[in-house]
Amino acid sequence: MQLICDLHVHTNASADGHCPVEKVLETAKASGLDAVAVTDHDTTVSALKALSLESEVIVIPGIEVSTKDGHVLILGTTKEYEAGKPADETITEAQADGCVVIIPHPYHLFRHATGLRNKKALRMADALEVYNSRYYIGTSNLEAKHAAKRLGKAITAGSDAHDCEYVGYGINVIEAEERTADALLSALKAGRITAECRKTPVSTYLRQSKNNVMRKIKRRLKL
Ligand SMILES: [Zn+2]
Ligand SMILES: [Zn+2]
């Protein structure tokens, strides 16, 4: 089944985040997401809280670790990885724990871009965040896309929302076997993901992609 996920969202547990975790889940639901990854800076307080809340939206717990080389997104964990280590060491630890590792905004100058400082981390990661809705302008997203292609990595999108209204601006369609966080993470690891990032709400995107699916079906049936 195809599930729509935003893989990079902050709550007010991040020093620069403003959205309470309850509101993140509400907004995710209202905007048509099936799943949302709660990834605060160096804390899993809200990820843990999200898991305890009643919601139709699947919660992928995670953390955005501030390594010595820049930010590293770790999905599928409530563990608080130590900040300040070399990125490749943090990645080794997270992968040994069975987590999925994404390098977010890998080439964004002045944005804790791990890709600029630790090439090994790029090669080790499971995926690169090519679409980051906060830093949409410029060539850094394109540069990340080329790197992902060159390294054979899956491409992800993240709203990197620090305010409620941006939850759902990073759109990933993941082909998962069931509606669980584990199934989503296995599918991501296997590369069964299509990512897109738009400056449009997910509901508009859903309407458009539904039309596309209808067109494809009609073509196949030659209607
Ligand atoms: Zn970041
Ligand atoms: Zn972030």
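This is a predicted model: local features need pLDDT of at least 70, side-chain atom pairs count only at pLDDT 80 or more; totals for chains, interfaces and linings use all residues.
A residue is called buried here if 20 or more other C-beta atoms lie within 10 Å of its own, exposed if 12 or fewer do, and partly exposed in between, with C-beta atoms placed from the backbone. Residues are numbered from 1 along each chain as its sequence is written, while chains are lettered from A and ligands numbered from 1 in the order in which they are written.

**The whole chain**

- The protein chain comes to 8 helices and 9 strands, where helices (H or I, at least four residues) and strands (E, at least two) are DSSP runs numbered from the N terminus.
- Of its 223 residues, 50% count as buried.
- Take the contacts (C-beta atoms, placed from the backbone, within 7 Å) between residues at least 6 apart in sequence: 63% of them join residues at least 24 apart.

**β2 and its two partners**

- Strands count as paired if DSSP finds at least two bridges between them.
- On one side of the story, strand β1 (residues 2-9) pairs with β2 in the parallel sense over 3 bridges, and Val-9 has Val-38 as its bridge partner in β2.
- Strand β3 (residues 58-67) also pairs with β2 in the parallel sense, over 7 bridges, and here Val-38 is partnered by Pro-61 of β3.

**Helix α1**

- Val-21, Val-24, Leu-25, Thr-27 and Ala-28 are the buried residues of α1.
- Seen down the helix axis, they fall within an arc of 165 degrees (taken from the directions from the axis to the C-beta atoms), so they line one face of α1.
- Their cover includes β1, β2 and α2.
- After α1 comes Gly-32, with a positive phi near 90 degrees.

**The core**

- A nonpolar core is a set of buried Ala, Val, Leu, Ile, Met, Phe, Trp, Tyr and Cys residues joined through C-beta atoms within 7 Å.
- The largest one has 64 residues, and those with the most contacts inside it are Val-36, Ile-74, Leu-75, Ile-102, Ala-125, Leu-128 and Leu-184.
- β3 gives the most to this core, with 5 residues.
- As background, nonpolar side chains tend to be buried together in soluble globular proteins.
- Setting aside residues up to four places away in sequence, Ala-125 touches Ile-91, Val-101, Ile-102, Ile-103 and Lys-153.

**β5, covered on both faces**

- In a regular strand, side chains alternate between the two faces of the sheet.
- In β5 both faces are covered, with Val-100 and Ile-102 buried on one side and Val-101 and Ile-103 buried on the other.
- Strand β4 (residues 70-75) runs antiparallel to β5, joined by 3 bridges, and Leu-73 has Ile-102 as its partner in β5.
- Strand β6 (residues 127-132) runs parallel to β5, joined by 2 bridges, and Ile-103 has Leu-128 as its partner in β6.

**Met-124**

- Met-124 lies in helix α5 (residues 119-124) and counts as buried, with 20 C-beta neighbours inside 10 Å.
- Leaving aside neighbours within four places in sequence, Met-124 is in contact with Asp-88 and Ile-91.
- Met-124 and Leu-151 are 27 residues apart in sequence, and their C-alpha atoms are 9.7 Å apart in space.

**Two non-glycines with positive phi**

- Asp-42 has a phi near 60 degrees, a positive value in a residue other than glycine.
- Asp-42 lies in the loop between β2 and α2 and is partly exposed, with 17 other C-beta atoms within 10 Å.
- His-105 is not a glycine either, yet its phi is positive, at about 30 degrees.
- His-105 is found in the loop between β5 (100-103) and α4 (114-117) and is buried, with 27 other C-beta atoms within 10 Å.

How values were computed: Two residues are in contact if their C-beta atoms, placed from the backbone, lie within 7 Å.
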